[in-house]
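Me: Got a model open here and I'd like to talk through a few of its details. Can you take a look with me?
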Amino acid sequence: LDQDVEVDYEPTEEEILEYARWLDMDVEEDHDLLWIAKEGIKAPLPEDWKPCKSSSGSVYYFNVVTGESRWEHPQDDYYKNLYLDERAKKNKHDAPRKENGVIDEPALVLPPMKRNLLAEAGVAGNTPGKISISRSPISPDRTKDLETSLSEMETRLLQETEEQLEKRRSELKAAMDEKFRLLERQMHAESERQTQMLEQRQKQLRDDFERRLREEEERIRREGEATLQQHVVPMREAA
């Protein structure tokens with residue numbers, strides 16, 4: 001089902017009062033808190049929640065991330081708690097009222113469908129009435145429809161998840177291959193740099209050795225000439 005929210009939709013007073021009673025609100029004592037019921041009726045679905053329609057035409061809600069499904073609108077719990085918080089600020093008690101010593105237990109009712117969801121689901125009527133429900137389990141047909149819908153969604157989600165995982169694995173493999181290639185190029189460049197430095201050092205040592213060798217040869221030659229001048233030449237002159 002589509003879940004576009006009618007931003008200009010305004011619920012009727014009957015819808016507001018019905019939803020307020022479903023929130024366990026005393027519409028007479030808490031008349032100043034009816035804005036909570038109005039806001040709750042207009043509340044859009046949270047992210048990841050989708051409205052679904054069973055084969056019997058019943059609308060339920062499904063979370064495409066957690067796989068949770070429920071008949072009630074996902075925002076209903078929020079507005080229940082919001083009402084309790086606001087009522088507590090007024091120092092009202094949450095316990096059921098007693099009349100003639102007997103606890104008046106409120107009737108169990110379903111929350112009114114959001115107007116846009118009713119239109120999208122093709123349900124007749126613009127003003128949902130009060131729907132009393134029994135405390136008996138969900139009928140087998142309804143349970144079967146729900147299980148079928150959930151099974152189809154689960155299969156589709158598993159398929160989509162597997163496709164996303166495979167895509168992610170391919171992306172990670174490509175990224176790792178690129179990193180390995182980059183590392184290989186860096187290591188090759190570093191090896192070449194080290195080789196060049198080694199060759200330069202070898203050349204420097206060789207040049208230094210040859211320089212010292214020439215210097216040593218020159219020193220020995222000069223010492224030989226000096227010895228020759230000091231001893232041999234005088235002897236020749238004396239002879």
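Me: Let's start with Trp-71. Is Trp-71 buried, partly exposed or exposed?
Reply: Trp-71 is partly exposed, at a relative accessible area of 24%. Buried means under 20% relative accessible area, exposed over 50%, and partly exposed in between, with a 1.4 Å probe and protein chains only. Bear in mind that this is a predicted model, where local features need pLDDT of at least 70 and side-chain atom pairs count only at pLDDT 80 or more, while totals for chains, interfaces and linings use all residues. Residues are numbered from 1 along each chain as its sequence is written, and side-chain values use heavy atoms, leaving out hydrogens and water.

Me: OK, aromatics next. How many aromatic pairs does a search of the whole structure find?
Reply: Three. Rings of Phe, Tyr and Trp (its six-membered ring) pair if their centres lie within 6.5 Å; planes under 30 degrees apart are stacked, over 60 edge-to-face, and the rest tilted. One of the pairs is Tyr-19 with Trp-22, which is stacked because the planes are at 5°, with the ring centres 5.9 Å apart. Tyr-19 and Trp-22 are both buried.

Me: And how is Trp-71 paired with Tyr-60?
Reply: Edge-to-face: the centres are 5.6 Å apart and the planes at 75°. This pair links distant parts of the chain, with Tyr-60 in strand 2 (residues 59-63) and Trp-71 in the loop between strand 3 (69-70) and helix 3, 11 residues apart. Helices (H or I, at least four residues) and strands (E, at least two) are DSSP runs numbered from the N terminus. Tyr-60 counts as buried, at 1% relative accessibility.

Me: Switching to helices. At what angle do helix 2 and helix 3 pack?
Reply: About 165°, with the axes of helix 2 (residues 34-42) and helix 3 (residues 76-89) 10 Å apart. Axes are lines fitted to C-alpha atoms, for helices over the stretch in contact, and angles run from 0 to 180 degrees between N-to-C directions. So helix 2 is roughly antiparallel to helix 3, a word used for angles over 145 degrees.

Me: Which residues make the contact?
Reply: Helix 2 brings Trp-35, Ile-36, Glu-39 and Gly-40, and helix 3 brings Tyr-79, Leu-82, Tyr-83 and Glu-86. Contact here means heavy atoms within 4.5 Å.

Me: Last one: what is phi of Asp-24?
Reply: Near 65°, a positive value in a residue other than glycine. Most residues other than glycine have a negative phi. Asp-24 sits in the loop between helix 1 (13-22) and helix 2, and is exposed at 52% relative accessible area.

Definitions and conventions:
Angles under 35 degrees count as roughly parallel, over 145 as roughly antiparallel, 65 to 115 as roughly perpendicular and the rest as oblique.
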